[in-house]
Amino acid sequence: GSHFYQYCCANPCENLMGQLERIIQAPHAMPEEIVSLVSAMPASSASSNRTLAPALVKKLKDVADHHGGLVPLHGRLFAQWMH
């Protein structure tokens, strides 16, 4: 990949992650909080105030279960969930 990518191409995941970090202000969060926040965030591919698919919510809860009830925001499993 080109090193110019970081300067010219917006990454929607980074924007969403930045919003989550500003609101949560912690390295981890309860899955219910994340679901609530993500559902309310505007995204280029979906409207805000949407309902996340039950399978997607379950996957996030599985991530939390794997980490003692909290979702690490900078972990591999959460990054995969965001995609």
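**Figure 1. Asp 62 and Lys 58 in helix α4 of the predicted model.** Asp 62 and Lys 58 both belong to helix α4, which covers residues 54–66. Because these two residues are four positions apart in the helix, about one helical turn separates them. They form a salt bridge, and the closest N and O atoms are 3.1 Å apart. A salt bridge here requires a side-chain nitrogen of Lys or Arg within 4 Å of a carboxyl oxygen of Asp or Glu. By this rule the count comes to one salt bridge. Asp 62 is partly exposed, and its relative accessible area is 36%.

**Figure 2. The aromatic pair of Phe 78 and Trp 81.** A search of the whole structure gives one aromatic pair. The ring centres of Phe 78 and Trp 81 are 5.7 Å apart and the ring planes lie at 15 degrees, so the pair is stacked. The cut-off for a stacked pair is planes under 30 degrees apart. Both residues sit in helix α5 (residues 76–82), and because they are three residues apart there, about one helical turn lies between them. Are Phe 78 and Trp 81 buried or exposed? Both are buried.

**Figure 3. Helices α3 and α4 where they cross.** Helix α3 spans residues 31–40. The axes of α3 and α4 come within 9 Å and cross at roughly 145 degrees. The crossing of α3 past α4 is right-handed. On the α3 side, the contact is made by Pro 31, Glu 32, Ile 34 and Val 35. On the α4 side, the residues are Val 57, Leu 60, Lys 61 and Ala 64.

**Figure 4. Pro 31 and its contacts.** Pro 31 is found in helix α3. Is Pro 31 buried or exposed? Pro 31 is buried, with a relative accessible area of 5%; the cut-off for buried is under 20%. Leaving aside neighbours within four places in sequence, Pro 31 is in contact with Leu 60, Lys 61, Ala 64, Gly 69 and Val 71. The C-alpha atoms of Pro 31 and Lys 58 are separated by 9.3 Å, and the two residues are 27 residues apart along the chain. Lys 58 also takes part in the salt bridge with Asp 62.

**Figure 5. Gln 25 in the loop between α2 and β1.** Phi of Gln 25 is near 50 degrees, which is a positive value in a residue other than glycine. Gln 25 is exposed, with a relative accessible area of 67%.

**Figure 6. Gly 75 in the loop between β2 and α5.** Strand β2 covers 71–72, and Gly 75 lies in the loop between this strand and α5. With a relative accessibility of 21%, Gly 75 counts as partly exposed. The C-alpha atoms of Gly 75 and His 28 are separated by 9.3 Å, with the two residues 47 residues apart along the chain.

**Figure 7. The chain as a setting for the close-up views.** The chain has five helices and two strands. Along the sequence, their pattern is α-α-β-α-α-β-α. Of the 83 residues in the chain, 29% are buried. Among contacts with a separation of 6 or more, 51% are between residues 24 or more positions apart. The accessible surface of the chain comes to about 5700 Å², and 57% of this surface belongs to carbon and sulfur atoms.

Technical notes:
Residues are numbered from 1 along each chain as its sequence is written. This is a predicted model: local features need pLDDT of at least 70, side-chain atom pairs count only at pLDDT 80 or more; totals for chains, interfaces and linings use all residues. Side-chain values use heavy atoms; hydrogens and water are left out. Buried means under 20% relative accessible area, exposed over 50%, partly exposed in between (1.4 Å probe, protein chains only). Rings of Phe, Tyr and Trp (its six-membered ring) pair if their centres lie within 6.5 Å; planes under 30 degrees apart count as stacked, over 60 as edge-to-face and the rest as tilted. Contact means heavy atoms within 4.5 Å. Accessible areas come from the Shrake-Rupley method with a 1.4 Å probe; for residues, only the protein chains shown count as cover. Axes are lines fitted to C-alpha atoms, for helices over the stretch in contact, and angles run from 0 to 180 degrees between N-to-C directions. A crossing is left-handed if the near helix is turned anticlockwise from the far one by less than a right angle, and right-handed if clockwise.
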